[in-house]
Amino acid sequence: MQIIDTSGQQCPAPLIATKRALKDARTGDSFKVITDNQTAFNNISRFLKDNKTEFSSGESNDIWTLTITKQTPELINADAKEYCTTEIPHFSKGDFIIAFTSDKMGNGDEELGQLLMVNFVKAIKELDILPRNMVFYNKGVTLGAEDSPVIDHLKELEKMGVPFLFCETCAKYYLLEDKIKIGTLSNMFEITQVMSSAGNIVKP
Amino acid sequence: MKVDLLQMVDSGGCSAKISPRQLEEFLKYLPLPQDPNILVNIDTHDDAGVYKVNDDLALVFTTDFFPPVCSDPYEFGQIAAANSISDVYAMGGTPVIALNIMMFPSSKLPLEAYAGILKGGYDIAAEAGVRIIGGHTIDDFPPKYGLAVVGYIHPGKIITNSGAKPGDLLILTKPVGTGVILAGQRMKMASEDDVNLAKKLMKMLNFSGAEVMKKYNIKGATDVTGYGLAGHALKMARASNVSLELNLNKVPLIGDTFRLVDEGCIPGASFRNLDFIEDDSHFNTDLNYSLKMIAMDAQTSGGLLMCVNPEISDNVISDLHNAGLKDASVIGNVIEKGERYLYLNN
């Protein structure tokens, strides 16, 4: 985890460093900010709360540590309206993950397969219990691209708290590295870990 | 030895003010002196006290001092003096005499710096027609400087925080952002041009703004200093028992102030001011966060915020522009007292 040590720095330097790190971080990434200045700590906390960014914090011997997780890419610049009007309730997650291995659902007619995939992703949002994780590999990564037919549904799912892992090798292969702006680009080790530790794997 | 006063302070200028919320707590326990000649006291959180001498004359009395806002002693003296005198202008008075208030670390700084600060103060006082007739210096670190100023005013022509009327437009005479730019200078994020512009604005007396207020018989005004635009607007709204709507997009800004705030350059004083106003304020749901925090920015020697009847507002604006206050703008309006005192919009 990235650690930004702002010890010895006065306001607003620690806040500027925090904001920069948030901007550079990928969605889902966490980082730590350390400060030895209580005012700076209070101000960063206030800034994060105002901008609806999740964080945890601790203090020992006059050193404050904030652990900050970037949720959605637009959050910091998002209109206040967006996060004020759409109150996101708390969703419970089950012990299963969904693996997207293709941009289509099932085998058969391509057009039908794409249509089914849209309906499938849409239906996930209606589940009483959400998946613990969603992984995307091979042609599945194309679902996460900005121009994908399911991108809006995926963004909503991300806001509901479902983490996404995209296979980085696959994203590179399909030249989508810069077009995937949700979730986290990840390696095979992490994807294998997530899949092997899941109670159930759902594959559309 | 080249003196750099900024090396000595963490927060300079009006950013160094005590939290307004704490101040209100302390002031609650002090009895207000009862005297029919006291025309304005701290009850309405005005910029200065006013004491009636006779039916034609009252004294405006105010003081202000703070740690350095810039490196150069002479410029610091100029800014501190302009800021101290400003409160007299904000009440519609004519500043007359002043005393120096100085804290100076004589073991840490050469006496040239002391002389430089005083010279800056004298030069601005002279520009305002104020005679400095004495003062007091304490050996102290870091340095602080300002004036206690006395001005004349006609008892019937006092401009106060309590003079805002529903329907009035709010006009601000100087652009906002001195706190952000000074913090940005410390962080090496602010351009030299912006720093110079901020210094020029801080040295600028509120004389011409006050002249325009007198000409148009304006009753409600304040100067925008340490509590930021929103903090001073709140004080005015409370004192006048009205609500104020601020359209923050209309607020003139110094140079790159918006970009700096957007990059996180938000001085600590802004968060103190936010604490002070938020319970009494409504933030529009689409209010831009950076604009909101600019409204909290502590100003040093900021402009006048005046309440102007819309029928004369065009004339007031054009007079202000002609007097060299080319950024003077309508930034909001006064409405009947609503659920909150302040309504902040984009």
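**Figure 1. The two assigned domains of chain A in the predicted model.** Domain assignment places domain 1 of chain A at residues 2-77 and domain 2 of chain A at residues 96-202. The model is predicted. Taken over C-alpha atoms, the centres of domain 1 of chain A and domain 2 of chain A are separated by 30 Å. Contact between these domains involves five residues of domain 1 of chain A and seven residues of domain 2 of chain A. On the side of domain 1 of chain A that touches domain 2 of chain A, one residue is nonpolar, three are polar and one is charged.

**Figure 2. Confidence along chain A.** The mean pLDDT of chain A is 84, and 90% of its residues score at least 70. Residues 75-89 of chain A are a stretch where pLDDT stays under 50. For this stretch the model has 18 contacts beyond four places in sequence.

**Figure 3. The contact between chain A and chain B.** Chain A contributes 20 residues to the contact and chain B contributes 14 residues. Three helices of chain A, namely H1 (13-24), H2 (38-50) and H3 (80-85), each supply at least two residues of the side of chain A that touches chain B. Of the elements on this side, H1(A) gives the most, with six residues. By class, the side of chain A that touches chain B holds seven nonpolar, seven polar and six charged residues.

**Figure 4. Chain B as a whole.** Chain B contains eleven helices and 13 strands. Its radius of gyration is 19 Å, close to the 20 Å given by the globule rule for 346 residues, so chain B is as compact as a globular protein of that length. The C-alpha trace of chain B spans about 55 × 55 × 45 Å along its principal axes. Of the 346 residues in chain B, 58% are buried. Counting contacts in chain B between residues at least 6 apart in sequence, 87% join residues at least 24 apart.

**Figure 5. The two domains of chain B and the side on which they touch.** In chain B the domain assignment gives domain 1 as residues 5-153 and domain 2 as residues 161-345. The C-alpha centres of domain 1 of chain B and domain 2 of chain B are 21 Å apart. Contacts link 30 residues of domain 1 of chain B with 37 residues of domain 2 of chain B. Helices H1 (20-28), H2 and H3 (111-127) of chain B each supply at least two residues of the side of domain 1 of chain B that touches domain 2 of chain B. H2(B) accounts for the largest share of that side, ten residues. The side of domain 1 of chain B that touches domain 2 of chain B comprises twelve nonpolar, eleven polar and seven charged residues.

**Figure 6. Helix H2 of chain B.** Helix H2 of chain B covers residues 73-90. At 1.5 Å a residue, its 18 residues should span 26 Å, and the end C-alpha atoms are 26 Å apart, which agrees. In H2(B), 17 of the 18 residues are buried, so the helix is largely enclosed by the rest of the structure. Gly92(B) follows H2(B) and has a positive phi, near 85 degrees.

Methods: Residues numbered from 1 in each chain as written. Chains lettered and ligands numbered in written order. Predicted model: local features only at pLDDT ≥ 70, side-chain atom pairs only at ≥ 80, totals over all residues. Helix = DSSP H or I, 4+ residues; strand = E, 2+ residues; numbered from the N terminus. Expected span 1.5 Å × (residues − 1). Buried ≥ 20, exposed ≤ 12 C-beta atoms within 10 Å, placed from the backbone. Domains from an automatic or database assignment. Nonpolar A, V, L, I, M, F, W, Y, C, P; charged D, E, K, R; others polar. pLDDT = per-residue confidence, 0-100. Rg over C-alpha atoms; globule rule 2.2 N^0.38 Å.
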